[in-house]
Amino acid sequence: PSPTNIDPMVSAKIADETSGVEDAEFYIDLEGNPPYGFGIPMAPAGGPFYWAMIDILELDGDGIHFVWMRSRDKAGNASGFTIIPFLVDMTPPAFVRLEVLPGYTNGTSNPRITAEIVDEWVGIESVEYYAGKQAPRGVYGTGTPLVAGANNVYSSDIEVSSLDEGWYGVWVRARDRLENTTGLMARAFVVDKTPPTATITEVGPTLSYAGKKVVGGVEYVTVTVKASGRDTIAGAPEVDGGILKLEVSLARVSDGNEVLGWTSMEEALRGAGTLDAQSNISAGPYENGEYRFRVRAWDYAGNVSAIAESGTIVIDNTPPEVEIVSPQDRQEISGDQPVRLVFRPADPESGIAKDETGAERTTATLDGADVLGKSEIPPCTLSAGEHRFVVTTRNGVGLERRREVVFLIRATALTLDGIFKHILEQPDVPDDLKKDIEKVRKELEKLMKGEKRSQNEVDAVIALLRDLKEKMMSAWCWKPYWQLKKNSRQNI
């Protein structure tokens, strides 16, 4: 035959009408023109027929070869060559590509075998496959055929809906039109119907306040998630087991709505059937409230884990509040009543930040001077005019709030009386000065009660005040006076 993968037979019918045929010979792939008698003799087969067998193993490989045949009659006349081509193909087809995808399935989708196979000389006759736990032992033709497509591609789906979980081999072989058959080419796939598991191992850094974990402000919350999944075919060829990916979302506790949709996490460490991953998520874009992080894991078969949830996380993106109760803005204060400093910093979500000693990070200043820890200020220590009281506080997540009020001190007769009273309470006041002060206080009291109304009476009190001022200022070595703040001396 031709084409052939077995030894072909050369046969010829030769006739000579005058002297008869003496013999016949042939050459394979002849080069040149040798004298008659150097070729391969052909045996007579009765009557006009001659034949010979060609040993294809002696040929120079597969491909097209040529038989050069001639004969001679009994008178010694030799014929010219008759040239006949024939094709030898002893090589099985060749696999260019073989794959089974997906390598994992959960039974809801069938893996597809795709084989790209070529045969140089005679073409592909058929391709078949076997799928199971063990390699096939049957002869060619007992497998399931692959369907031929364009460009030498053969494919078929593997029905897996009835298969149990586990590892399965796929063996494929091909045959050309001369029945040259390849060996079994192996691939594998996994049927995995068991979902993986996902676990949240860390959420932080967070602030602990009132039994809650709080994040927010300028802080970032980092969710480090570790998940492990079932690896059904550890060490199987060409198939990776374990977790495909981890995803994280952020959901409000109040309604369960996700404010951050499912987002792939960044891989940190991949092991045998396990995956560690993490995501850095800013709390900045989200409203105040209670949230939970959710995590789920996907395996290569398309199974998704149950959702793992973190504990409740409180997001606080609002600065703290500061209420200045006293003094009120634009309030006028006079007399000997103290200026009360009352303010209330508060933050219900993350609390007021504290320093290393446990004190709250709150500052209070009066005209730039620190007054934190003072509940009241004598008005006699403040000059007449406007004063600015400022309170600044910081909450647990680092956000600040600043409040301020402006109030006024009126230097009235009552204010002066308060100053004198303050002086008299100091130690080491000379007796003669005490008498002068008491005298002035009595005159002031009459003035305040309205007992003195004329300009002359008022001028007389002012004159007493000026005399008292001179006496106090001349007593330069008297500490109680000079220990008074400059504001108080100006008031006097």
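**Contacts and cores**

Analyst: Leaving out residues up to four places away in sequence, Asp417 touches Arg441, Leu444 and Met448. Please note that this is a predicted model.

User: Which helix is Asp417 found in?

Analyst: Asp417 belongs to helix α1, which covers residues 413-424.

User: Why does Asp417 count as buried?

Analyst: Asp417 counts as buried because its relative accessibility is 11%, and the cut-off for buried is under 20%.

User: How far apart are the C-alpha atoms of Asp417 and Ala174?

Analyst: They are separated by 117 Å, and Asp417 and Ala174 are 243 residues apart along the chain.

User: Turning to Asp73, which strand does it lie in?

Analyst: Asp73 is part of strand β6, residues 63-73.

User: Which backbone nitrogen lies 2.7 Å from a polar atom of the Asp73 side chain?

Analyst: It is the backbone nitrogen of Asn77. Setting aside neighbours within four places in sequence, Asp73 is also in contact with Asp16, Ser19, Gly20, Val21 and Glu22.

User: Now the cores. How many residues has the largest nonpolar core?

Analyst: It has 22 residues, and among those with the most contacts inside it are Leu246, Tyr286 and Phe293. Elements giving two or more residues to this core include β21 (243-252) and β25 (289-299).

User: What does the second, separate core include?

Analyst: This core of 18 residues includes Leu98, Ile113, Tyr154 and Val160.

Conventions:
Residues numbered from 1 in each chain as written. Predicted model: local features only at pLDDT ≥ 70, side-chain atom pairs only at ≥ 80, totals over all residues. Heavy atoms only, no water. Helix = DSSP H or I, 4+ residues; strand = E, 2+ residues; numbered from the N terminus. Polar contact = N/O pair within 3.5 Å; in protein donor to acceptor, adjacent residues only side chain to side chain. Contact = heavy atoms within 4.5 Å. Core = buried A, V, L, I, M, F, W, Y, C linked by side-chain atoms within 4.5 Å. Buried < 20%, exposed > 50% of the residue type's maximum accessible area, 1.4 Å probe, protein only.
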